[in-house]
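Dear colleague,

Here is the structure I promised to pass on, and my notes follow below it. Please read them with the model open beside you.

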Amino acid sequence: MARAVEELELGPRSEQWQPTDGRLLDVDDLFVEFRTRDGVARAINGVSFSLDEGDTLAILGESGSGKSVTAQAIMGIIDSPPGFITGGEIRYCGTDILTLSEEKRRAIRGPEISMIFQDALSALNPVFPVGWQIAEMFRIHRGTNKSDALDAAVTLMDRVSIPGARQRVKSFPHQFSGGMRQRIMIAVAIALDPAVLIADEPTTALDVTVQAQIMGLLKELQEERKMGLILITHDLGVVADVADRIALMYAGRIVERAGVFDLYRRPAHPYGEGLLESIPRLDQKGEELSAIKGLPPNLTRIPPGCPFNPRCRYAQDVCRVDPPPPLREVAPDRVAACHFAEDVLAGEAVRTDVR
Amino acid sequence: MSAEPIANQTPTKARGEVVLEVEDLVKHYPIKAGVFRRTVGHVKALDGVSFQLYKGETLGIVGESGCGKSTLGRTLMRLEEPTAGKVTFDGIDMYAQKGGAMRRLRRDIQIVFQDPYTSLNPRMTVGDIIGEPFDIHPDVVGKSGRKVRVRELLDLVGLNPEHINRYPHQFSGGQRQRIGIARGLALNPKVIICDEPVSALDVSVQAQVVNLLGELQREFGLAYVFIAHDLSVVRHISDRVGVMYLGKLVELGDEAQIYARPTHPYTQALLSAVPVPDPTLREAREQIVLTGDVPSPANPPSGCRFRTRCWKAQEICSVEEPPLIPRPDGTSEHDSACHFAEPKAVF
């Protein structure tokens with residue numbers, strides 16, 4: 001029988017980080033680029049958002065929109081080279097963590113900000129038992145002794161509903177199913193009770209019935225621990241189910257930031273509008289899907305003007321010539337980066353595409 | 001047995017003739033172990049699947065990973081030899097054909113694969129990839145007309161015919177999937193098996209490919225077997241839908257019957273688990289969360305295979321396997337394999 005966590009000597013939790021007014025994270029005008037042989041890929045071009053305690057922010061975008069790179073920048077795990085953070089600040093509880101030493105970053109990564117990856121099989125180490133990998137968090141960050149750390153790992157495996165945790169603590173990652181592996185990764189991520197949890201496509205590789213289990217578990221844990229959750233996904237359905245707020249990304253920029261109900265009722269950016277119209281619905285049978293024409297841009301050659309203009313149904317000359325429109329307030333508590341956001345929001349934007 | 005149940009249904013749109021008839025298809029893969037590689041068991045990937053495909057219709061096949069839906073696609077193409085069962089195409093027994101006769105038959109059944117990154121040879125130009133079927137079937141289009149035909153096909157799937165000499169890596173995922181579709185169309189098939197054709201694509205691009213498949217179907221009267229795990233896409237494109245679980249069809253019916261009046265508990269759970277892109281439905285929808293994982297197809301449960309995760313399971317479920325027969329769904333009836341089939345709206 002596992003001992004209660006309180007009885008284990010897990011070492012002290014750092015009291016250094018305290019949010020002011022519930023504000024955990026501020027990302028301010030972040031720029032990231034990757035210097036490759038084919039040129040400089042501008043993955044993130046001025047991204048700003050914030051996260052409060054208990055808040056769920058969904059970063060929504062397609063592949064290449066920069067959503068995963070944003071998460072990696074916050075975690076401080078961008079491969080450099082080729083990746084470089086060229087501007088902006090990431091403030092955790094008021095401190096710009098980009099200026100901290102690697103040693104201090106390491107003390108944040110795990111106990112304060114933690115992350116779940118898409119592919120649990122490659123995120124977990126195949127040659128160590130899962131219990132050992134969960135216990136590692138306590139041993140390294142808290143200096144807990146081996147047996148107490150392993151007991152804590154069993155408790156955590158129980159918490160994420162892995163049946164027979166005590167028996168399976170010595171099993172290896174490949175001996176678990178995809179859903180169970182994802183649970184183990186969640187156990188690693190929440191081990192030290194982080195204030196911010198970043199989930200990068202946590203259910204993309206899973207079947208829908210398992211996806212429902214995992215999303216339910218994440219929601220439960222968040223409520224239990226008042227975590228701020230950043231959910232990175234391309235799945236509009238998952239976002240509608242769990243998010244409070246949405247940041248919609250396109251070509252390394254946030255093009256709209258709004259509450260989940262506002263955005264799904266009526267997007268203020270043409271990209272969001274196109275995206276919502278292009279997905280088939282399970283609860284309705286439609287005729288033709290309204291696809292967004294063209295392709296997302298190559299990040300080494302982002303088109304001049306608004307990056308979305310070649311695919312936009314409302315694009316005018318100003319969109320092609322002027323610098324990318326900045327995010328501006330278009331309604332209470334929502335911002336969008338489009339010259340015609342008000343018109344799009346009112347459903348009065350003029351279509352300029354010939355059909 | 002599969003003939004009568006379908007005839008009993010009230011069709012939503014007039015059905016044409018049957019192009020593909022699948023009867024009791026079985027595919028078992030041996031599990032080998034030990035020094036002498038002895039067969040110690042079988043993975044029962046397909047365990048008795050029967051259905052009919054009508055001319056010009058789309059039959060969606062849905063199910064979770066490991067349910068056998070891709071094996072079904074590969075066996076229908078005869079990329080895998082079945083363990084037992086029969087597939088009749090236009091009255092011809094497919095698995096009895098050899099050599100030239102089989103090659104001629106393949107002309108009529110083509111496949112589009114899931115991964116546009118690995119299903120195209122990186123060393124061949126797009127023109128060679130799409131033209132390759134004509135090497136094997138020179139009587140369809142001769143050497144002289146090949147280039148013209150390839151350009152036509154490129155144009156048909158919405159690619160620039162000028163790009164005939166480019167290589168696959170010069171195209172995006174969606175464009176590559178169009179190349180795969182063009183290759184599938186090259187021999188004017190009657191049936192195309194689409195194995196997760198849009199799963200690897202971004203949503204905005206996915207819609208383009210789904211629309212393209214619809215247009216091509218209307219233009220050429222193609223019949224699709226559309227295999228996918230995304231239930232929303234399947235609903236969008238399909239006329240009829242079959243739901244698979246552990247190598248068996250558990251429910252089969254018109255799109256409206258499956259999505260609006262599902263009677264099998266597995267279908268109901270599957271549908272309720274799909275997140276709907278509408279936050280206002282958050283509280284309104286009842287989610288049936290299944291516990292546990294899909295059992296191993298090497299050792300499926302006795303009786304009904306879904307019983308280990310089913311909330312309705314009773315004594316009879318472990319003893320007697322429920323047949324896939326028409327069962328009432330409220331307004332009509334459609335095929336369902338559950339002793340306790342009962343319609344339930346999940347939205």
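Helix α6(B) passes α7(B) in a right-handed crossing (the near helix is turned clockwise from the far one by less than a right angle). The model is a predicted one, in which local features need pLDDT of at least 70 and side-chain atom pairs count only at pLDDT 80 or more, while totals for chains, interfaces and linings use all residues. Residues are numbered from 1 along each chain as its sequence is written, and chains are lettered from A and ligands numbered from 1 in the order in which they are written.

The two helices, residues 173–185 and 203–220 of chain B, pack at an angle of about 15 degrees with their axes 9 Å apart, which makes α6(B) roughly parallel to α7(B) (an angle under 35 degrees).

In chain A, the division is into domain 1 (5–10 + 22–243) and domain 2 (248–279 + 294–346), and 28 Å separate their centres, taken over C-alpha atoms. Across the boundary, 23 residues of domain 1 of chain A are in contact with 17 residues of domain 2 of chain A. On the domain 1 side, the elements giving two or more residues are β2 (39–52), β3 (56–60) and α9 (236–242) of chain A, and the largest share, 10 residues, comes from β2(A).

With best regards

Terms used: Axes fitted to C-alpha atoms, helices over the stretch in contact; angles between N-to-C directions. Helix = DSSP H or I, 4+ residues; strand = E, 2+ residues; numbered from the N terminus. Parallel < 35°, antiparallel > 145°, perpendicular 65-115°, else oblique. Domains from an automatic or database assignment. Contact = placed C-beta atoms within 7 Å.
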